[in-house]
Structure formats: structure tokens, C-alpha cells
Amino acid sequence: MTNHLFSPIKLAGVELDNRIVVAPMCQYSADDGCMNDWHMTHLGMLANSGASLVIVEATGVERHGRITHGCTGLYSDANEAAMKRVIDHARRIGTAKFGVQIGHAGRKASAQRPWEGGGPLKAPDDPWETIAPSAIPFGAGWHTPRAATEQDIVRVTEAFVAAARRAVRIGFDTVELHLAHGYLLHSFCSPVANKRTDRYGGSLENRLRFPVEVMGAVRAAIPATMALGARITGSDWVDGGLTPDDAVALSKGLKGAGADYIDISSGGIAADTRNPTALGYNVSIAERVKREAGIATRTVGLIVSPKQAEGIVAEGKADMISMARAFLDDPHWGWHAALALEAEVKRPPQYLRAGPKLWPGAAMRG
Ligand SMILES: Cc1cc2nc3c(=O)[nH]c(=O)nc-3n(C[C@H](O)[C@H](O)[C@H](O)COP(=O)(O)O)c2cc1C
């Protein structure tokens, strides 16, 4: 049976066995930005999930660029060493390749972990000053950010470059810039959060300038063989916000600055916006970006079944799919998808006997 989901794809010099990617997922469990045994277990588990690529959670390029006190960072030698320990392990024991999402949380930084409320940090919990394109809070009760100066923009760009260099030393296969979900680079793009009147605000070209500059600076700092991409916002889902037209324009700009792929997500620009709840709600935007920007695309958001995922790739709507919650629920989702679609998937030798060739029970489960 012809299978699209389980066909290989190459991004820059990186060969992926299939089109299934585990989406970045914050674990809010790091110690001053350093990964620990939780990440060892979590990423070790996903390394043998059947996905060809696992993207490590949103990782702050500077300490104050983290969302919470528990978020990972790549701003210190200690962060780098801790992440290298985990990634070396996951690569040694698993079948997947690994990428890291690097970002700056902007006006959504200095927040509580979700299970502590997910709101802004209060005085006893060591909150910090946040930055944003304009001094407009994310929502009622949130910290009022300081409008970033040009010095901040230069410092953050350099921090992205330094974090990407650390990612290269760790041995990641890909680097992904976080340009979605209301964090700093997305908030510069969106007219909802960006009311600047300098060359980083106003026209679409001006609002896209900072993220495109970051993409160019990171591209220049990492090997051409390493795949570089961005997770962007397909829509702000609010009147006056970013639209799929803007996503196409941004993707063209990022491609021009050296991106190898674009991952289409959406939402999160302000506390009172809500994402659609339909299956595959970003797929039609990814289809437009793929066609009009002419770049490899990945999309995410309520993709849940093997048949749905196969259809998206087979119909040319996206080149890859990315999934988050389905992999937390079923860390062998890729194995079960292979069974359902009668495809081959890599497993570690220790677990080969769970595959359909050596265990008839596997097929009965599917
Ligand atoms: C626990 C959790 C943590 C997340 N952390 C991140 C993150 O670090 N970076 C990011 O871009 N998206 C993050 N997301 C969003 C997911 O990557 C994904 O876009 C979203 O959950 C929709 O996909 P799904 O329907 O497959 O879960 C997170 C989602 C979950 C459930």
C-alpha cells in the first residue's frame, strides 16, 4: 500500500524516515533552565515513539525569556551541559532525531506553571520584568511589559544566535524558532500587540523585521546542513490580528532569510482569544503556505488519527504533521499508526518482538 505518512523527507542535510514529528511541549520541570531526570525520561520515551523527529520544548534564549521558572533554557554553560546529557542519552537509546525550539516568552514570561494557575507570577514568587513590542499586557491582571528598545532587540537577537550555537554543540539535527503562541517574536508580527512607530512597527514589513532578522542571524551561525525552521502563527483568530495572508508573507520572508521549513500553528496572542476546536484546524493555512510560499510545511493542532494524518500528507496539504497531546497519551503513537497504515517503522532491537512480524497480536490490536 502506498504510504505518504511513512515516506522519507529531507530538510537541509537531515534525512527523516517519516513525516511524523512530536511537537514541542513545555514540561515546566527544569532547574534554572537545566534539564534533569524528568526530561531524561520524557525525551527517552519519545525517542522510541515512531516519530522521525522530536522537537524539544520551548527553550528560553535568555533567563528572562523563559515562560516560567520551570522552563528549559540555553543561556548558560550549565543549561547546555544538562541538555547535552539528556539528548546524548535519547539519541543513544532511541530511533528519532532531535530538534530544539528556541524562543523568548516576551509579555507571556514571568508566569506560573499551568498546574500552579498559569497566570502571572505574584510578588513572593520572584517575578521579573518582561519585554514586548509595546507596553500592553497580555491580558487583564498580567504584568505590563516594557516596550523593547533597539538595544533589547540586538541583545535578544544575539541570544538567539548564542542559543543556536549551543544547540549545534549539543548535536541537535534541527533548530526551530518559536514565532507563535503570543511569545516575543510573534508579538512583534501581530498588530494586536505591536503598536510601535519605529522600523519594527506599523507596516507588515516592519512588524516582520525582527523575526526575519533573527532567522537570518541564526542561519548564518549554524551549519547549512542543519535544518532550520520556525513555528509560526497561521491566524490570531481575532479581528484586527494576523491572518493566513500574513502567514504567507512571513513564511516568504523567513524562507528568504534561510528557513528550511515552516510549522503552522495559531492562536495565543491575547488572553481572551480562543482557538477553533475542529480537527486539523490549521491544515488549510498550511496548505496555503506550502503552495504560495513554496517551502516545506508542517502543521499541528488536533491531528489525532493515523488516517487523518495520512490524508493531510497524501493530499499535499502539508509535508509533515506534528502532534503533541496524542503522544503524551500514547507514546508509541507512531508504532500504532504504522500498524494501522501497514507501514514499517523503526523500533529499538530490544522491542522488535512487539512488532507485527514477530507478534501476531500486534495486528489484532490494530
Ligand atoms: C503540555 C504541552 C506543552 C506545550 N508546549 C509547547 C511548546 O513548548 N512550544 C510550542 O510551540 N507549543 C507547545 N504546546 C502546543 C503544542 O505543541 C501543540 O501545538 C498543541 O498542543 C496542539 O497540538 P495537539 O492538538 O496535537 O496537542 C504545548 C502543548 C502541550 C499540551
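These are my notes on what I looked up.

**Ground rules.** I am working with a predicted model, in which local features need pLDDT of at least 70 and side-chain atom pairs count only at pLDDT 80 or more, while totals for chains, interfaces and linings use all residues. Residues are numbered from 1 along each chain as its sequence is written, and side-chain values use heavy atoms, with hydrogens and water left out.

**Helix pair.** I took helices (H or I, at least four residues) and strands (E, at least two) as DSSP runs numbered from the N terminus. The axes of α2 (residues 77-93) and α3 (residues 150-170) come within 9 Å and cross at roughly 35°, where axes are lines fitted to C-alpha atoms, for helices over the stretch in contact, and angles run from 0 to 180 degrees between N-to-C directions. I then listed the contact residues, counting heavy atoms within 4.5 Å: α2 gives D77, E80, M83, K84, I87 and D88, and α3 gives R166, R169 and I170.

**Core.** I looked next at the largest nonpolar core, which has 85 residues, and found that F98, I102 and F172 touch the most other members. Such a core is a set of buried Ala, Val, Leu, Ile, Met, Phe, Trp, Tyr and Cys residues joined through side-chain atoms within 4.5 Å, and buried means under 20% relative accessible area (1.4 Å probe, protein chains only). The largest share of this core, nine residues, comes from α3. Beyond four places in sequence, the contacts of F172 include M83, I87 and F98.

**Two loop residues.** H143 sits in the loop between β6 (131-132) and β7 (146-147), and I count H143 as buried because its relative accessibility is 17%. A polar atom of the H143 side chain lies 2.9 Å from the backbone oxygen of S110. T68, in the loop between β4 (53-60) and α2, also counts as buried, because its relative accessibility is 1%.

**Covered helix.** How many of the nine residues of α10 (residues 333-341) are buried? I found seven, so described by their burial cut-off under 20%, and they are W333, G334, W335, A337, A338, L339 and L341. The elements covering them include β3 (20-22), α8 (306-314), β12 (320-323), α9 (325-329) and α11 (360-365). Just after α10, E342 takes a positive phi of about 55°.

Terms used. Buried < 20%, exposed > 50% of the residue type's maximum accessible area, 1.4 Å probe, protein only. Polar contact = N/O pair within 3.5 Å; in protein donor to acceptor, adjacent residues only side chain to side chain.
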